[in-house]
Every structure is written in structure tokens, then in C-alpha cells.
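I am opening my notebook to record what I looked up, one entry at a time.

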Amino acid sequence: MTISNGKALDGGEIHVCQDGPSGAPTLLLIHGTAASARSWEPMVPLLTESHHVIRIDLLGCGRSAKPDGESYAVPDQARRVGAVLDGLGVDQMVVVGHSSGGAVATALAEQRPDLVTALVFINTGPGMAAYVAKEAPIRAASWADLTDDQIRKAMSDGFRPGFEIPRSYVDQFRDIDFAVFGAISQAIRAYLDERTLPQRLAPLGKPLLVLFGEEDRRWRPSSAGDYRAVPGATVEMLPGVGHSPNLEDPPRTARHLLAFTANHAPQAG
């Protein structure tokens, strides 16, 4: 059963979902840009038998507050995540980030190495040089004026060619505040331009699993190899999936994730 509630922080309320036994090792799932905690829903039942799963809507996303003028910088988003986890009494966990969620996971590990025992990235580009998506003019339109088909076209590069995008994901996209979406996108670029994720991760000494769909159309798939510069990193390429393995093939994604956490998850309690 999902426990869903809000956590009041300076800057606005953060929405949190929790599933699985509270005494089990904790997994934190961080969504990417233009998504929310709901993007993990297909995977949650596959993880909760052995883990306490926490999902957070980052500020500006999902059911969290969307304040104008608030900082959406990656380090600020990570600090909010850390504050929420402190409020929940979490002291150690494995952090999983999809796409730009991996950048927030990295910032959290930089700020709170005591909290993060290991990291998993799912199609997280290592730096902006690896970004290959073409900006679609439709993305600058008013969300309210777009049909479902137009929204699916706008987000189609987030999946393998021919993937049928679920209606629930279309609804998440339609809920986006365009100004906040722009601010979050710019903040991710700034963080990756400052230093690549492998450069940030290498000195941290955290176990790292990188899963990357071979048909990704947003980040160059070969760029996954950049993470091999991180000592002890494991890189797994996933044939037949695109940018969102957590939605395109949840069982296969979960198998890789659980095999990794079996070796690196913190002990319960």
C-alpha cells in the first residue's frame, strides 16, 4: 500500500510516496525532468518485497509545490531531498535516478555522503556533450492547447521508437508548469556544464550501476562508457529499450537493480 503525503519545507511542500516494509533497506527513486514520482509506478511492485521504496516529487514537479522565483538549481533540489529524508528518519539508502534524476542523486551524494551508500543511474547522460535530442517547437506551446497526440509526439524521443506512451504519462506532462519546466531544464544544463557526472562521482568512492537503453534518443548511448572513469562503476547496456527502461521494460530494469542492491543496499535499521 502506498503511503502518500506532503512534507512542508522552505520554498514549498514536497510530495512523498512510500511503499514496502519500513524495516527493509531503503531505495530512493528520483524522477527526471518533465516527470514525477508516478513515472516509477510500474517498477514499485517489483521492488517492495525486499525494499522500503521512497519516491519524491522534486519541487516544481508532480504534486509538489511549483513556486515562481524559487531556486531549481540541482544542489538546492538535492538539499530539499536530504531534508525530506531526515524528516522520515532515513539514515542510509541506495539512490536511483532516471535521466536528470541522476544529477540530483549525484548532488545528494556530494552533499550527504553519509546518507548515500550507492547509486544507480538509468539513462542519465554524463554531460551535455552527450545530449542529442532535437528541440521540438511544440514544446514551447501552451500545454493546455495540446492534444494527447501532440503531447505524445513532443515526448516521443523519451522512449524507443514505436513505444505506446501510457495515458498516465501524458497526464503528467500536461500538468507541467511551463515556466518551472524551463527553469528546471536550465538548472540541469548548468550543473552538467560545470562538471560532468563522472568527474563529480570519481572522488566520492560510491558503488555505481549505470543502466542505459541502447535506443536512447536523448542521450548518446555510447556516452554510458564515460562512467567507466568512476572507480568500480558497472555499466550495463539494455538492448531494445530507449530513454525510459523503467517504463518500457520494468521487469528487466528491476532485475538489474535488485542484483546490484543485493550487494550494496544498507542493512535494515
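**Entry 1: Met 93 and the cores**

I looked up Met 93 and found that, leaving aside its neighbours within four places in sequence, Met 93 is in contact with Thr 26, Leu 28, Leu 85, Leu 108, Leu 115, Val 116, Thr 117, Ala 118 and Pro 266. I must keep in mind that this is a predicted model.

Next I asked which residues touch the most other members of the largest nonpolar core. They are Leu 28, Leu 85, Met 93, Leu 108 and Phe 121, in a core that has 45 residues. I also noted that helix 3, which covers residues 101-111, gives the most to this core, with six residues.

**Entry 2: Aromatic pairs**

How many aromatic pairs does the structure hold? I noted four, and I looked at two of them in detail.

Is Trp 219 buried or exposed? Trp 219 has a relative accessible area of 6%, so I count it as buried, whereas Tyr 131 counts as partly exposed because its relative accessibility is 25%.

I then turned to Phe 159 and Tyr 169, whose ring centres are 5.6 Å apart and whose planes stand at 85°, so this pair is edge-to-face. Phe 159 is in the loop between helix 4 and helix 5 (167-174), and Tyr 169 is in helix 5, ten residues apart. Both Phe 159 and Tyr 169 are buried, and together with Phe 163 they form one aromatic cluster.

**Entry 3: A charge over a ring**

I also looked up Arg 200, which lies over the face of Tyr 191 at 3.7 Å from the ring centre.

**Entry 4: Helix 9**

Last, I checked the length of helix 9, which has 15 residues (residues 250-264): at 1.5 Å a residue it should span 21 Å, and its end C-alpha atoms are 21 Å apart, which agrees. The buried residues I listed in helix 9 are Pro 250, Arg 252, Thr 253, Ala 254, Leu 257, Phe 260 and Thr 261.

How values were computed:
Residues numbered from 1 in each chain as written. Predicted model: local features only at pLDDT ≥ 70, side-chain atom pairs only at ≥ 80, totals over all residues. Heavy atoms only, no water. Phe/Tyr/Trp six-rings, centres within 6.5 Å; stacked < 30°, edge-to-face > 60°. Buried < 20%, exposed > 50% of the residue type's maximum accessible area, 1.4 Å probe, protein only. Helix = DSSP H or I, 4+ residues; strand = E, 2+ residues; numbered from the N terminus. Lys NZ or Arg CZ within 6 Å of the ring centre and 35° of its normal. Expected span 1.5 Å × (residues − 1). Core = buried A, V, L, I, M, F, W, Y, C linked by side-chain atoms within 4.5 Å. Contact = heavy atoms within 4.5 Å.
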